[in-house]
Amino acid sequence: MNGGMLEPAERYRQLLEELREHNYRYHNLNAAIIDDNTYDALYRELVEIEQTHPELVDPDSLTRRVGAPLT
């Protein structure tokens, strides 16, 4: 997936927000709106940006989590 012509920092923030929303919908609402392949592509793009631009990494990034919080 590509984020169009966004700067890496802007695309990174966009991906974090989008993936957090998809995680919430999937895990908390049981109401996913994208399929696993699409989610995986977005996640891989997030990882790629973090590897290419480590200065952008958010400590709360989904790539830094071991598991979901207990409900």
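**Entry 1: the model.** I am working from a predicted model.

**Entry 2: helix α1.** I looked up the extent of α1 and found that it runs over 8-27. I noted 20 residues and a reach of 28 Å from the first C-alpha to the last, close to the 28 Å expected at 1.5 Å a residue.

**Entry 3: the buried side of α1.** Which residues of α1 are buried? I listed Arg-11, Tyr-12, Leu-15, Leu-16, Leu-19, His-22 and Asn-23. Looking down the axis of α1, I see these buried residues within an arc of 140°, so they line one face of the helix. I recall that an α-helix has 3.6 residues a turn, so residues three or four places apart point the same way. I then checked what covers the buried residues of α1, and the cover includes α2.

**Entry 4: the other side of α1.** On the face turned away from the buried side I found the exposed residues Arg-13 and Glu-17.

**Entry 5: the second largest pocket.** I noted a volume of about 160 Å³ for the second largest pocket. Its lining consists of His-22, Asn-23, Arg-25, Tyr-26, His-27, Ala-32, Ile-33, Ile-34, Asp-35, Asp-36, Tyr-39 and Asp-40. By type, I have five nonpolar, three polar and four charged residues in this lining.

**Entry 6: helices at the pocket.** Which helix gives the most to the lining of the second largest pocket? I found that α1 does, with five residues. Both α1 and α2 (36-52) supply at least two lining residues each.

Key
Residues numbered from 1 in each chain as written. Predicted model: local features only at pLDDT ≥ 70, side-chain atom pairs only at ≥ 80, totals over all residues. Heavy atoms only, no water. 1 Å grid on protein atoms, 1.4 Å probe; cavity = no way out; pocket = protein on both sides within 12 Å on 5 of 7 lines; lining within 4 Å. Points joined across faces, edges and corners; volume = space filled by probe spheres on them. Helix = DSSP H or I, 4+ residues; strand = E, 2+ residues; numbered from the N terminus. Nonpolar A, V, L, I, M, F, W, Y, C, P; charged D, E, K, R; others polar. Expected span 1.5 Å × (residues − 1). Buried < 20%, exposed > 50% of the residue type's maximum accessible area, 1.4 Å probe, protein only. Arc of directions from axis to C-beta. Contact = heavy atoms within 4.5 Å.
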